[in-house]
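The structure comes first, then the text.

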Amino acid sequence: MYDWLNALPKAELHLHLEGSLEPELLFALAERNKIKLPWHDVEALRGAYAFNNLQEFLDLYYQGADVLRTEQDFYDLTWAYLLKCKAQNVIHTEPFFDPQTHTDRGIPFEVVLRGIKQALVDGEKQLGISHGLILSFLRHLSEEQAFNTLEQARPFRDAFIAVGLDSSEMGHPPSKFQRVFDRARSEGYLTVAHAGEEGPPEYIWQALDLLKIERIDHGVRALEDERLMQRIIDEQIPLTVCPLSNIKLRVFDDMRQHNILEMLERGVKVTVNSDDPAYFGGYVNENFAALHDSLGMTEAQARRLAQNSLEARLS
Ligand SMILES: Nc1ncnc2[nH]cnc12
Ligand SMILES: [Zn+2]
């Protein structure tokens with residue numbers, strides 16, 4: 001890896017903790033929890049990481065998350081991610097977690113949260129990595145289920161900086177969650193949302209106007225709508241872009257077609273992130289390296305991208 005990329009201090013603003021579950025840890029947790037897996041070994045599981053779209057990935061991602069059962073499991077997952085941050089000079093992180101992925105399997109909200117939060121607090125103390133945790137709603141589930149999740153979070157309000165929206169985008173527009181986000185904002189949460197990953201620019205407009213988001217997660221389809229681009233540039237709304245994810249999930253056919261540097265040069269506040277690094281072939285620095293290798297990203301552009309990430313923090 002490139003030393004100058006490693007040396008850049010950066011923030012990661014789009015990372016699903018469940019998506020940082022490496023196959024080796026997945027197998028170790030399955031053994032610890034006496035869970036029988038459908039894959040023979042780590043290599044067989046890695047072999048399954050071939051996706052044609054977001055949904056194919058999500059099906060495997062939710063299946064993988066089933067090995068996470070105890071507070072210690074969530075601690076170990078988060079700690080492993082923080083060690084990667086340390087190695088890559090990520091000095092601040094704002095990870096997502098999906099409570100419903102776990103509570104729907106009977107794992108109590110507080111078990112999930114305690115494990116994650118303890119690791120994040122230890123990460124601040126022992127590794128010097130600051131954080132802001134984002135509670136993300138699964139958009140393929142109902143508005144009522146999202147309200148229930150927000151209610152479950154109430155006793156732990158101080159543990160979070162924001163709520164987010166992820167999972168299957170098509171057919172689940174931001175408007176479906178307008179009232180949930182209204183409630184969350186009234187409780188003092190900031191808001192972010194995945195929009196314009198697979199979904200149309202209209203979903204980005206809705207995320208901005210109805211959910212009143214501070215940042216757009218992905219947002220790469222904004223380039224299809226010039227008026228939207230102007231708004232994003234004028235208001236300097238950050239985009240948390242995930243290049244390797246976009247290739248793995250076929251949002252772009254090839255990294256050489258990725259639009260992140262075009263957006264950067266047009267004045268969009270774009271940032272580089274890993275999304276689900278265990279599944280997509282790399283953490284933040286591997287994403288930067290791919291932009292260098294395939295798009296000719298210069299050192300000056302890398303510095304601007306890293307600086308954008310530090311400026312786009314919520315906490
Ligand atoms: N890239 C992605 N898009 C939507 N939901 C997700 N959950 C985990 N990764 C995601
Ligand atoms: Zn994501």
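Ligand 1 sits in the largest cavity. A cavity is a set of points on a 1 Å grid over the protein atoms alone where a 1.4 Å probe fits but cannot get out, and a molecule sits in one if more than half of its atoms lie within 2 Å of its grid points. This is a predicted model, in which local features need pLDDT of at least 70, side-chain atom pairs count only at pLDDT 80 or more, and totals for chains, interfaces and linings use all residues. Residues are numbered from 1 along each chain as its sequence is written, chains are lettered from A and ligands numbered from 1 in the order written, and side-chain values use heavy atoms, without hydrogens and water.

Around ligand 1 (a heavy atom within 4 Å) are H16, L54, F57, L58, Y61, D166, S167, H194, E197, H218, D275 and D276. By class, this shell has four nonpolar, four polar and four charged residues. Helix α4 (residues 54-64) gives the largest share, four residues.

The table lists polar contacts, pairs of N or O atoms within 3.5 Å.

| Protein atom | Ligand atom | Distance |
|---|---|---|
| S167, backbone N or O | nitrogen of ligand 1 | 2.8 Å |
| H218, polar side-chain atom | nitrogen of ligand 1 | 3.5 Å |
| D276, polar side-chain atom | nitrogen of ligand 1 | 2.6 Å |

The protein covers 100% of the 260 Å² of accessible area that ligand 1 has on its own (Shrake-Rupley method, 1.4 Å probe).

H258 is in the loop between α12 (243-248) and α13 (260-265). H258 counts as buried because its relative accessibility is 5%, buried meaning under 20%.

How values were computed: A polar contact is a pair of N or O atoms within 3.5 Å; within protein, one must be able to donate a hydrogen and the other to accept it, and residues adjacent in sequence count only if both atoms are side-chain atoms. On a 1 Å grid over the protein atoms alone, a cavity is a set of points where a 1.4 Å probe fits but cannot get out, and a pocket is an open set with protein on both sides within 12 Å along at least five of seven lines; lining residues have an atom within 4 Å of a point. Helices (H or I, at least four residues) and strands (E, at least two) are DSSP runs, numbered from the N terminus. Ala, Val, Leu, Ile, Met, Phe, Trp, Tyr, Cys and Pro count as nonpolar, Asp, Glu, Lys and Arg as charged, and the others, Gly among them, as polar. Buried means under 20% relative accessible area, exposed over 50%, partly exposed in between (1.4 Å probe, protein chains only).
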